[in-house]
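Hi,

Here is the structure I promised to pass on.

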Amino acid sequence: MRYTDARLLDALASAYALGTLEGGARRRFERLMRDRADVRDVVAQWEQRLGQLALSVPQRKPSADLWRAIAARTQPAQAQQARQARPSRWTSWLRPAGFGFGGLVAGVIAASALFLAVPGAFITSDQLAMRTGERLPQSYVGVLTDTDGRGRLLVSSLRHGRTVTLKVLGATALPVSGDERLVLWALPADAAPFAIGTVPASGAGTLTLPDTSEKLLSKVSRLVVTRERSASPAAPSADVVLSGACAKLW
Amino acid sequence: MNRNILMSLQDLIAGAARGDHACFAQIYERTHLHLFGVAVRMLGNEQAAEDVLQEAYVSIWKNAGGYRSSVDGQEIQPITWLIAIVRNKALDALRARKRRNTHEQPLATGPDGEAETEADTAADPAPGAAQLFDQAMHALRIDGCMSALDGSFRQSLALAYYQGLSHTEVAAQMNAPLGTVKAWIRRGLDKLRACLSAQGVAP
């Protein structure tokens, strides 16, 4: 099945989130979720809706053994990963590309170690692709820096995907006041800048593209984030908060 | 740990994604009573619910980096992400239990010749699914909006959500045709989305 019909996808996502999608159909849908960020988005929205229903369920106290069992299964692995992790400059996020070609054996361990070495650099779709597919995904990646040269925003998008994943880096929120919003712009080499979407001041987020990133971003060499007051600005304002290069990660 | 107490659940998940086990411990501290309640409600017994919760929290630790706080500019609350993980693990456990039961008794029938369902074991913990559903609607202030739906729509959705029943099981429990139940649930979900959206609670 091609799963291109938005209404079908929505119906499947809601049945998946509710739990009524069963058996082979559920497994097929889980595979689809692994491959497609847009499908994960629709599911996340249904989980957000249905999660409201759980708020009326009375709390219950499990035995104290439960935490001990969970801690035993999570702490030792964490200690192992910490030993493998190396603190490094943010530019080293390019380095794992070599891992990808060589084959990420023991995918989870290696990916987790990378993840620790470069906090926040590999998230959601990319991270999932690495963990499950044991490879680096074909994607566009941009690291945007502030005026002091600090890496503050990671932008990534699978080449054939229509979703852009955003991750704000660093301990502080991006500077924006209540009546402004942060807009991410793509600056193609031979055309006018176009807006990709709104960037959260902190945390992570996703944006949906009107076409695949391969089509939209292949000629984009730079990305900027500006502060905008207009709801739909036609061109970036001069108030540039972040900027950086956009690169194709094979 | 004292520092973590001041952190939002979202920041704690980000901390766990970086491998900070103290953040993960704080996530457990804040959420386990609620999540255990959800698991017990679905599975009908505490031991099975503890097994499910253990799997769920290990998965949360491993996949903390997969949480996104917003989708298309819409907030995804961290607690709903956690609830979804627990429900999926509970659904796996319910299906595994059903496979075992089917294996042992190909077609379980009660003394009246009516098919017994998994719901019989999961249904006894009070309060009932319909009651939980109504309480949630009231708390969300969408009870007025949802009351436009016939009670059987709400009941079928409540059974599927709180007890993890399949379409077939909901149909057996409500003594209604399978196709009808599927349509009820579909309509119930659509209405829930519309009401939550009108209330500004969820996309």
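Let me start with B:W61, which is buried at a relative accessible area of 9% (buried means under 20% relative accessible area, exposed over 50%, partly exposed in between, with a 1.4 Å probe and protein chains only). Before going on, the ground rules: this is a predicted model, where local features need pLDDT of at least 70, side-chain atom pairs count only at pLDDT 80 or more, and totals for chains, interfaces and linings use all residues. Residues are numbered from 1 along each chain as its sequence is written, chains are lettered from A and ligands numbered from 1 in the order in which they are written, and side-chain values use heavy atoms, with hydrogens and water left out.

Now the rings. Over all chains, the search of the whole structure gives nine aromatic pairs; rings of Phe, Tyr and Trp (its six-membered ring) pair if their centres lie within 6.5 Å, and planes under 30 degrees apart count as stacked, over 60 as edge-to-face and the rest as tilted. One of them is B:F24 with B:W61, a tilted pair at 5.1 Å centre to centre and 45° between the planes. B:F24 sits in helix α3 (residues 21-43) of chain B and B:W61 in helix α4 (residues 46-63) of chain B, so the pair ties together parts 37 residues apart in sequence. (Helices are DSSP runs of H or I with at least four residues, strands are runs of E with at least two, numbered from the N terminus.) B:F24 is buried too, at 0% relative accessibility.

B:Y67 and B:W81 make another tilted pair, 5.3 Å centre to centre with 55° between the planes. Both residues are buried. There is also a cluster: ring pairs link A:W67, B:F24, B:Y28, B:Y57 and B:W61.

Two arginines lie over ring faces: A:R49 over A:W46, 4.4 Å from the ring centre, and B:R87 over B:Y161, at 4.0 Å. The cut-off here is NZ of Lys or CZ of Arg within 6 Å of the ring centre and within 35 degrees of the ring normal.

What about cysteines? The structure holds one disulfide over all chains (a pair of cysteine sulfur atoms within 2.5 Å). This disulfide joins B:C145 to B:C195, S to S 2.0 Å, and the link is left-handed, with -85° about the S-S bond. B:C145 is in helix α8 (residues 143-146) of chain B and B:C195 in helix α11 (residues 178-199) of chain B, 50 residues apart. B:C145 is partly exposed at 30% relative accessibility, whereas B:C195 is buried at 1%.

Cheers
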